[in-house]
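Below are some notes on the model you sent.

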Amino acid sequence: MTKAQEIAYDLRGQIQSGRLTPGMALPSESKMMSQYGYSRETIRAGVRLLIEEGLVVAGQGQGKYVREDYPPVVWNWTTLESRSRHANAVEGRTAGDQWASAIAENGNAPRQEISVSIVVPPPHVRERLGLPADGLAVARKRVRYIDNRPYALADSYFPQELVSGTPLMEPRDVSAPGGVLASVGLVQAKYVDEISVRMPTHQEAEQLGLPAATPVAEHTRTGYDVDDRPLRCMVTILPGDRHKILYEVSAD
């Protein structure tokens with residue numbers, strides 16, 4: 001091992017053993033220089049390896065800290081937007097936004113920052129909605145927080161002509177018995193899901209406060225009516241360090 005790798009190996013072991021716990025500051029550069037007997041530049045190179053691995057994050061100033069753990073959230077995409085959950089909302093067992101209800105049921109505090117605009121959607125969304133090149137969509141963009149920590153981005157796109165004048169144009173949480181789309185006669189009969197895993201864009205990393213080396217899952221769900229007309233395309237960005245995606249699939 002190089003000297004930098006040796007430093008990284010030792011610090012990594014302390015993190016994995018729990019001697020250095022999540023959120024704890026690493027020893028100062030001066031202290032590590034004394035401990036390892038190496039130059040400041042070598043110490044920085046060793047710590048940089050752990051930052052690139054995602055085990056260490058840079059704080060304000062010169063401080064370096066062990067990356068904090070996020071309690072994982074399980075997204076059960078089999079039932080999250082099912083009619084049975086909407087039926088429960090009618091009966092009072094859940095309320096409001098289905099995601100927020102699921103988080104609250106787990107004893108956590110959900111919060112969303114919502115903006116609504118009319119946009120030319122991204123090419124892959126336009127394709128899934130079957131819009132022409134100059135077609136417009138209503139975009140409901142949400143930053144989703146759990147216990148005031150950013151956990152996910154969820155952008156829903158709707159063909160403009162379908163939802164103009166509906167509650168989906170309101171920049172706040174909206175709900176209705178059976179779902180907002182269904183309440184205006186647009187019933188989703190099936191979903192098509194796509195999942196890709198990639199590194200985040202700069203904007204996504206900033207919005208979600210992602211440390212280095214944090215991949216994200218991009219989940220795209222397109223909802224169709226009984227005639228296979230696309231009604232909605234939702235793109236959810238899920239950081240890999242704080243989410244699990246669950247599906248139940250019939251073997252038939």
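1. In this predicted model, helix α2 (residues 29–36) packs against helix α3 (residues 40–53) with an angle of about 105° and an axis separation of 9 Å. The two helices are therefore roughly perpendicular to each other, since angles of 65 to 115 degrees are put in that class.

2. Which residues make up the contact of α2 with α3? On the α2 side they are Glu29, Ser30, Met32, Met33 and Tyr36, and on the α3 side Arg40, Ile43, Arg44 and Val47.

3. How many aromatic pairs does a search of the whole structure find? The search returns 2. One of them joins Tyr70 and Tyr151: the ring centres are 5.5 Å apart and the planes stand at 65°, so this pair is edge-to-face. The class follows because planes over 60 degrees apart count as edge-to-face.

4. As to where these two tyrosines lie, Tyr70 is in the loop between β2 (64–66) and β3 (73–76), while Tyr151 belongs to strand β6 (residues 149–159). The pair therefore ties together parts that are 81 residues apart in sequence. Tyr70 and Tyr151 are both buried.

5. Trp75 and Trp77 also form an aromatic pair, and this pair is stacked, with 5.3 Å from centre to centre and 15° between the planes. Are these two tryptophans buried or exposed? Both Trp75 and Trp77 are buried.

6. For the protein as a whole, the secondary structure comes to 9 helices and 10 strands. The C-alpha atoms fill a box of roughly 70 × 40 × 40 Å, taken along the principal axes. Of the 252 residues, 42% count as buried.

7. On sequence separation, take the contacts between residues at least 6 apart in sequence: 61% of these join residues at least 24 apart. The pair of Tyr70 and Tyr151, with its parts 81 residues apart in sequence, is described in point 4.

Note on methods. Residues numbered from 1 in each chain as written. Predicted model: local features only at pLDDT ≥ 70, side-chain atom pairs only at ≥ 80, totals over all residues. Heavy atoms only, no water. Axes fitted to C-alpha atoms, helices over the stretch in contact; angles between N-to-C directions. Helix = DSSP H or I, 4+ residues; strand = E, 2+ residues; numbered from the N terminus. Parallel < 35°, antiparallel > 145°, perpendicular 65-115°, else oblique. Contact = heavy atoms within 4.5 Å. Phe/Tyr/Trp six-rings, centres within 6.5 Å; stacked < 30°, edge-to-face > 60°. Buried < 20%, exposed > 50% of the residue type's maximum accessible area, 1.4 Å probe, protein only.
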